[in-house]
Amino acid sequence: MERLAIDGGAAVRSNKPRMLENDIFEQEELDALMEVARQKKLRRAEVTLEYEKAIADYFGVKHAIAVSSGTTALHIALAAFGIGPGDEVIVSPYTFVASDTCVLEQNAIPIFADVDPRYLTLDPADVERKITKRTKAIIPVHILGTPVDMDPLMELARKHNLWVLEDCAQAPGATYHGKRVGTIGHVGTFSTISGKITSTGEGGFVTTNDDDLFEKMWGYQDFARKRSLGMASKFHWGLPCTNYRITNLQAAIGLQQMRRIDALLAKRDANARYLTNRLQNVPGIQVLPKPAWGERVYYYYAIRIQPEMLGSDMLNFAVALAAEGIYDLSYLGTSRWIIPQHMQPLFVNKTGYGGTKCPFECPWYDGHVEYGPGLCPEAERACEQVFWLSSVNPLLQVQDLDDIATAVEKVANAFVDKKRAGIPIHYATNDQRDKIEFMERVYQK
Ligand SMILES: Cc1ncc(COP(=O)(O)O)c(C=O)c1O
């Protein structure tokens with residue numbers, strides 16, 4: 001058995017720089033940025049319109065609006081749907097927190113439905129079980145780049161008169177039965193924060209074919225202005241309003257990124273395929289299956305570990321991989337280590353602004369909601385087993401991918417051997433365990 005680095009052996013990757021997760025920023029992006037600066041037109045103007053046209057063309061939709069983030073994209077969509085106090089919105093527990101907290105910004109109630117354990121995407125059967133007379137919308141999340149099974153959700157939406165907001169932050173370019181995600185529900189939202197498939201540092205956009213939603217969303221991202229009356233006009237709708245505008249600086253970069261999106265996706269796909277080829281027969285881990293209903297893209301590369309075969313939980317596995325030099329333990333406290341959203345302290349404690357329990361216990365809400373373990377067992381299991389292994393950033397080299405695969409192979413084989421030999425595995429420190437198990441302590445309070 002090859003000695004693991006954590007047991008004192010040689011690391012698979014040592015004396016090499018950290019794996020690259022940088023933005024793709026070439027001469028074209030730099031020139032575009034400089035041009036905006038030269039024109040002294042930094043705020044939202046013509047370049048943003050050009051960027052929005054490029055987005056709409058790529059997705060084959062009537063409208064796109066570029067905004068300040070993927071989170072604010074979610075907000076303007078829900079606002080345009082007219083979601084408000086007393087309404088319920090069905091959300092996913094296996095996602096980044098923004099997909100769920102956007103509902104709270106409308107003073108509405110997020111209701112968690114479980115995920116399909118194969119693809120980690122909303123399970124339509126559980127969504128159906130969660131629908132009540134208060135339900136107004138569903139937010140399917142194409143997590144990791146995997147398309148959600150949209151037809152049954154759209155059918156439920158038609159039957160119960162619900163809005164569908166596709167959170168495509170991790171999935172631009174993925175398709176469902178040949179259609180790009182973000183064009184199937186009433187609105188699609190995307191994020192272009194660094195690390196996403198196209199990047200503008202911070203940023204996001206919405207896509208829609210609905211003229212009315214387009215006008216409303218445009219208004220909500222810019223102080224409830226009417227688009228036809230222009231940028232500096234005053235509050236024409238008399239609606240709650242705010243500022244979620246993007247700048248021309250970001251749009252100029254985004255436009256270049258949209259021009260290279262297919263190449264970026266192809267390189268990510270090639271990187272992911274390389275990893276899959278190397279990892280598919282490693283004992284104790286499974287590569288994630290692809291759904292038959294569409295083509296996924298790769299935002300991030302995740303694997304499923306089999307704790308029974310490895311004789312270890314995911315944290316020991318991560319700590320051993322970190323010692324091999326291919327995993328960064330600072331991910332433990334971040335969104336790269338997914339926790340079930342319905343077990344977040346925010347939801348469990350029903351924390352509202354100003355120390356209230358609003359909107360969870362709002363008088364406008366005639367339902368009752370409690371959050372905590374047991375609500376979505378498949379998502380909870382996935383959070384124990386699905387390991388966000390590595391970026392598939394286009395800048396990664398074959399040598400980087402080989403290091404990742406070799407380390408996973410080495411650690412998995414060693415764990416399986418230890419299990420067979422009856423050697424218990426306790427690599428994780430209490431400190432590391434604390435970083436991922438905080439929600440259990442919150443719940444026990
Ligand atoms: C699934 C998902 N939804 C929403 C967001 C929010 O996007 P942003 O960070 O641009 O606000 C992100 C990423 O950050 C995400 O991964």
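Predicted model: local features only at pLDDT ≥ 70, side-chain atom pairs only at ≥ 80, totals over all residues.
Which residue caps the N-terminal end of helix H7? Residues are numbered from 1 along each chain as its sequence is written, and side-chain values use heavy atoms, without hydrogens and water.

**View 1. The N-terminal end of H7 is capped by Asp210.** A side-chain oxygen of Asp210 lies 2.9 Å from the backbone nitrogen of Asp212. Helices are DSSP runs of H or I with at least four residues, strands are runs of E with at least two, and both are numbered from the N terminus. Just after H7, Phe223 has a positive phi of about 50°.

**View 2. Helix H7 spans residues 211-221 and has buried residues.** Among them are Leu213, Phe214, Met217 and Trp218; buried means under 20% relative accessible area, exposed over 50%, and partly exposed in between (1.4 Å probe, protein chains only). The buried residues of H7 pack against helix H3 (70-81) and strands S1 (63-67), S5 (163-167), S8 (187-191) and S9 (204-208); contact means heavy atoms within 4.5 Å.

**View 3. Cys358 is in no disulfide.** The structure holds zero disulfides, a disulfide being a pair of cysteine sulfur atoms within 2.5 Å. For Cys358, the nearest cysteine sulfur belongs to Cys362, 5.2 Å away. Cys358 counts as partly exposed, at 39% relative accessibility.

**View 4. Cys376 is also in no disulfide.** The nearest cysteine sulfur, that of Cys383, is 10.0 Å away. Cys376 is buried, with a relative accessible area of 0%.

Technical notes
Polar contact = N/O pair within 3.5 Å; in protein donor to acceptor, adjacent residues only side chain to side chain.
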